[in-house]
Amino acid sequence: MFKFFDRNQSDFVVKDIDRRRRVVVVEDPALGLECEVPFEKDDLLTAEISGAYTIKLSYIDGKTEIVRFLK
């Protein structure tokens, strides 16, 4: 019931990493909402949801980036 008030909670999951188009596809299965989060570097290693409307991108060289979506 109070899930809607918890800003750190996210129902989004990483659905796909499209390296050709350089986007991470995230989805909220409960709402059926999909978003594409662009990334710039070719060497993306992993993508994971890190909080409400944020995604953590990890690269092969060890760098990480936190990106907001649905601003």
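A: Arg 21 is partly exposed, with a relative accessibility of 40%. Bear in mind that this is a predicted model. The side chain of Arg 21 makes a salt bridge with that of Asp 18, at 3.3 Å from N to O. Asp 18 is at 16% relative accessibility, so it counts as buried, the cut-off being under 20%.

By the rule used here, the total is five salt bridges. Next, take Arg 22, whose side chain meets that of Asp 42 at 2.2 Å, N to O. Arg 22 sits in the loop between β1 (13–18) and β2 (23–28), while Asp 42 sits in the loop between β3 (33–38) and β4 (44–51), so the pair ties together parts that are 20 residues apart in sequence. As for accessibility, Asp 42 comes out at 57% and counts as exposed, and Arg 22 is partly exposed at 33%.

Then there's Lys 41, which forms a salt bridge with Asp 61, the closest N and O atoms being 3.6 Å apart. Lys 41 is in the loop between β3 and β4, and Asp 61 is in the loop between β5 (54–59) and β6 (64–68), so here too the pair ties together parts that are 20 residues apart in sequence. Both partners are partly exposed: Asp 61 has a relative accessibility of 45%, and Lys 41 has 30%. Back to Asp 18 and Arg 21: together with Glu 36 they form one network, joined by salt bridges that share partners.

Now a quick look at the nonpolar side of things. The largest nonpolar core has 13 residues, and among those with the most contacts inside it are Val 24, Val 26, Val 37 and Phe 69. Two or more residues each come from β2, β3, β4 and β5, with β5 giving the most, at three. Setting aside neighbours within four places in sequence, Phe 69 is in contact with residues including Phe 12, Cys 35, Ile 49 and Tyr 53.

How far to trust all this? Mean pLDDT for the chain is 87, and 87% of the residues reach 70 or more. Residues 1–7 are the stretch to treat with care: pLDDT stays under 50 there, and the model has three contacts for them beyond four places in sequence.

Methods: Residues numbered from 1 in each chain as written. Predicted model: local features only at pLDDT ≥ 70, side-chain atom pairs only at ≥ 80, totals over all residues. Heavy atoms only, no water. Salt bridge = Lys/Arg side-chain N within 4 Å of Asp/Glu carboxyl O. Buried < 20%, exposed > 50% of the residue type's maximum accessible area, 1.4 Å probe, protein only. Helix = DSSP H or I, 4+ residues; strand = E, 2+ residues; numbered from the N terminus. pLDDT = per-residue confidence, 0-100. Contact = heavy atoms within 4.5 Å. Core = buried A, V, L, I, M, F, W, Y, C linked by side-chain atoms within 4.5 Å.
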